[in-house]
Amino acid sequence: MEGKKEGFRPLIGITMGDPAGIGPEIAVKALGRPELYEKCRPLVVGDARILRRALEFTGRTDLKIRPVKRPSEGGYAPGTIDVLDLPVADPEEIETGKVSAAAGNAAFACVKEVIRLAMEKEVDATVTNPLNKEAMNLAGHHYSGHTEIYAHFTGTKRYTMMLAHHDLRVVHVSTHVSLREACDRVKKERILEVIRIADQACRRMGIETPSIGVAGLNPHCGEGGLFGKEEIEEIAPAVRAARKEGIRAEGPVPADTVFSKARGGWYDCVVAMYHDQGHIPLKVVGFVYDEALGKWGAVEGVNITLGLPVIRTSVDHGTAFDQAGTGEASELSLINAIDYAISFALGENCNHNDTRKQEPNTKEVRE
């Protein structure tokens, strides 16, 4: 790969996702934008036959699909979509909008291959389109999602998920576990670990002095132990430890206000205690349903796995089987994910109009 000199365009490996879902369609719609090629060299990892079918679904028959065997063969110019061709998804066998083991196996194969490319430094960053967990498990690949696949094939033990919608960023202490188990995982060492990861991620994006807001677990942060003691026994000690390390962490902050504060510029990133605590606010602002038109007007947001030895960003939505084959699915989340991958590869701030406060944090840590 070319060095990171002036004019460097990172080579971004993009999986096609589940071939029965919207991934191939939003991939060709995103890569149909000429301006994308000014910022990066996008390479789809998938079956060229599925991508050609996606051109028909989206009406982008003006674009060409060029199969390649390795990233170095790509031309990376507008009008032609380079595809690292994996013949794993015969369009005659995979029905659009249907869960199947064949589709799940194809999606898994693409993820495994893009990880290999990143580990061998043939691509600078990776972006994943949605896969269907049921289909993947039907194919015999027993993972709960992309994050766990990446962790397995990169040998990563300590990682976390970040969700981002423009300058609203959230990381999670736990994700794909039951709510009961999530509460049990609210422990000082894990919280401190996630605060550190959030701080490091923000710095990688070019934010020099990140401010990290740490959410409470219980209503009103437990009201001094009346509604629970996790804030006193686990969260506040983790925040104090982070501050001793020089991290600008604040908390615990009540979960019903911390995200509004983050949107208002108080924090560069919020540490959420469990999956839905972090996902709901991000999707409220990023997923916009147009009631008058009866369809989604915008589906934005990025899912980023932190702590890996490779860069991985993803769309923040599912396979949307109900939209597959219509050509109407929004590519905005994929474009956001590509932009974040580029920024991580270049070490730049993903929000170049960041107006966040950078004053020293003098507020007391809530006990």
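Trainee: How many bridges join β3 to β4?

Mentor: Strands are DSSP runs of E, at least two residues, numbered from the N terminus, and two strands pair if DSSP finds at least two bridges between them. Here 5 bridges join β3 to β4, and the two run parallel. Lys-64 stands opposite Thr-80 in β4. This is a predicted model, in which local features need pLDDT of at least 70, side-chain atom pairs count only at pLDDT 80 or more, and totals for chains, interfaces and linings use all residues. Residues are numbered from 1 along each chain as its sequence is written, and side-chain values use heavy atoms, with hydrogens and water left out.

Trainee: In what order do the strands of the open sheet lie?

Mentor: The order of the 12 strands is β3-β4-β2-β1-β5-β14-β13-β6-β7-β10-β8-β9, with mixed pairing. At the edges are β3 (64-68) and β9 (248-253), each pairing on one side only.

Trainee: Is helix α1 buried or exposed?

Mentor: Buried means under 20% relative accessible area, exposed over 50%, partly exposed in between (1.4 Å probe, protein chains only). Helices are DSSP runs of H or I, at least four residues. In α1 (residues 23-31), 9 of the 9 residues are buried, so the helix is largely enclosed by the rest of the structure. Contact means heavy atoms within 4.5 Å; the elements that the buried residues of α1 pack against include β1 (11-15) and α11 (332-346).

Trainee: Which residues of α9 meet α10?

Mentor: Two packed helices are described by the angle between their axes and the distance between the axes. Ala-255, Phe-259 and Arg-263 in α9 meet Gln-277, Gly-278, Pro-281 and Val-285 in α10.
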